[in-house]
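Please keep the sequence and the structure in view while reading.

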Amino acid sequence: MIEFIDVNYRVGEYAILTGINLKIRGGECVLLAGESGSGKTTLTKLINGLIPHFYSSGQLDGEVNVNGEPVAETSMYKLAEMIGSVFQNPKSQFFYTDSSAEIAFGLENRCVPPEKIRQRIVAAANELGIENLLSRNILKLSGGEKQIIAFASVYAAEPEIYVLDEPSSNLDNTSVERLKELLHYIKAQGKTVIIAEHRLNYLSSVIDRAVYLKGGRIMQEFTAAQFRTLTERERISMGLRTLKETQITIPKCTDLKGELCVERIISRYKEEEISFGANSGDVIGIVGKNGAGKTTLCKIICGLLKEQSGTVSYRGKKLTRRQRQRLCAMVMQDVNHQLFTDSVVDECELAAPKASKEKIDKLLQGFDLLSYKEVHPAVLSGGQRQRLAVCQAVLSEKKVVIFDEPTSGLDYTHMIQTGEIIQKLSREGYIVLVITHDYEFLNLVCHSVIQLGEQIAVKGGRQSAEEI
């Protein structure tokens, strides 16, 4: 079905993939595992044809064949009929602002009759359990909801091959369980599935094989059974995340007063009233289902959004939005929103113009980015861009630092490094808020947790084709 023969891929002086030989059989579910920057995403782009059809600046040697046809010589529209892709950043594949129209997009391009398209949208939504996300403004969806819509748009088109790049990175635990069930479902239909992923625990019962990459090379292949029996020492030495299901083990945040005091905040989008207090050194996790309002709450705290009611105070003084912006730094869920310059070092200097070269180099070294300091951020992997955004927040030296899904796209080693940075901020007296679905990371770095949406019922029900 899919075959790599002596594949090498370079971008400038950087060798991204070296000596790749791999066969993936039809109907097989294969996990691409490894540290960020190991070449997993590049492998997926070679399968779906983005390399070399769209990314043409690199040097590609060797052959990549899908169903016996060379990808490099096959038109993109023919590849798209066979292969459905869900990217790490779902916004990069959206064409509409309406969620139902986005799900219909692939079918429209194949000239499927309108009535069949409407039926397929309803069927896909019902099978995925996302009826409440139909006919919604994509721009107002949470990051996890966007990811679900991206998957639905691929699923509705019924491809033979699914290529998924970090499909669970922004999903809550309920949605991850739904994704796991769906992967079982499409496997039972005989579909071929390739998943590049760091969040591994939900995949143990799904995959047939795991391919471990390091430094752009395939270092080892495992059967599913072999992969499940990796010891903790072996897993950690490979830079892989936990293979076990994880539950929250830290206590709930019950403080209502502190240096930072959030009182009775209600956003324009959610009716839930939020109050809590935090003191210097506190690291508080914020969890909840996709769309519960986690990011909205934190944007209100740091002054990026206006609250409907309530106040934010610091050391007894109520703060205006502008004052909150000077107090708080935020690492966004989509880090591309905060990367503006032509190099990694320029991004750091933009965040902290007075920082010394030595301080910047030391921080970049700690995040394994020093060798990329002159590289354009767009060339970095998703995990590397995430680490760069964390570097910017640390350099800003603001008293409240908010991380929105800081481990999205991070391997075990870099998750630990990010945790160490947050713990260092805690020791130095910063107040840190962490929005996350990553319970492994939450238990590692946070002192307490705030659960949003505990008593809010999810609205929406099954829809018919006539309502689309």
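In the second largest pocket, β16 (328-331), α12 (344-351) and α14 (382-396) each supply at least two residues of the lining. Helices (H or I, at least four residues) and strands (E, at least two) are DSSP runs, numbered from the N terminus. The model is predicted: local features need pLDDT of at least 70, side-chain atom pairs count only at pLDDT 80 or more, and totals for chains, interfaces and linings use all residues. Residues are numbered from 1 along each chain as its sequence is written, and side-chain values use heavy atoms, with hydrogens and water left out.

**Second largest pocket**

- The second largest pocket holds about 450 Å³ of space, a volume being the space filled by probe spheres set on grid points joined across faces, edges and corners.
- Of the 16 residues lining this pocket, A329, M330, Q338, S396 and K398 are the closest to its centre.
- On a 1 Å grid over the protein atoms alone, a pocket is an open set of points with protein on both sides within 12 Å along at least five of seven lines, a cavity is a set where a 1.4 Å probe fits but cannot get out, and lining residues have an atom within 4 Å of a point.
- The pocket lining has 10 nonpolar, four polar and two charged residues; Ala, Val, Leu, Ile, Met, Phe, Trp, Tyr, Cys and Pro count as nonpolar, Asp, Glu, Lys and Arg as charged, and the others, Gly among them, as polar.

**Helix α14**

- In α14, 14 of the 15 residues are buried, that is, under 20% relative accessible area (1.4 Å probe, protein chains only).
- The 15 residues of α14 should span 21 Å at 1.5 Å a residue, and the 22 Å between its end C-alpha atoms agrees with this; the expected span is 1.5 Å times one less than the number of residues.
- E397 follows α14 and has a positive phi, near 60°.

**Cavities**

- The whole structure contains four cavities of 30 Å³ or more.
- The largest cavity has about 130 Å³ of space, and α6 and α7 are the elements that give two or more residues to its lining.
- Helix α7 provides the largest share of that lining, four residues.
- Residues lining the largest cavity include L128, F151, R178 and L182; by class the lining has nine nonpolar, two polar and one charged.
- The second largest cavity has about 110 Å³ of space, and of its 13 lining residues the closest to its centre are S169, R199, T407, S408 and D438.
- The lining of the second largest cavity divides into one nonpolar, six polar and six charged residues.

**Overall build**

- The protein has 16 helices and 19 strands, and 55% of its 468 residues count as buried.
- A compact globule of 468 residues would have a radius of gyration near 23 Å, and the 22 Å of the protein agrees; the radius is taken over C-alpha atoms, and the globule rule is 2.2 Å times the number of residues to the power 0.38.
- Along the principal axes, the C-alpha atoms fill a box of roughly 70 × 60 × 40 Å.

Terms used. Buried < 20%, exposed > 50% of the residue type's maximum accessible area, 1.4 Å probe, protein only.
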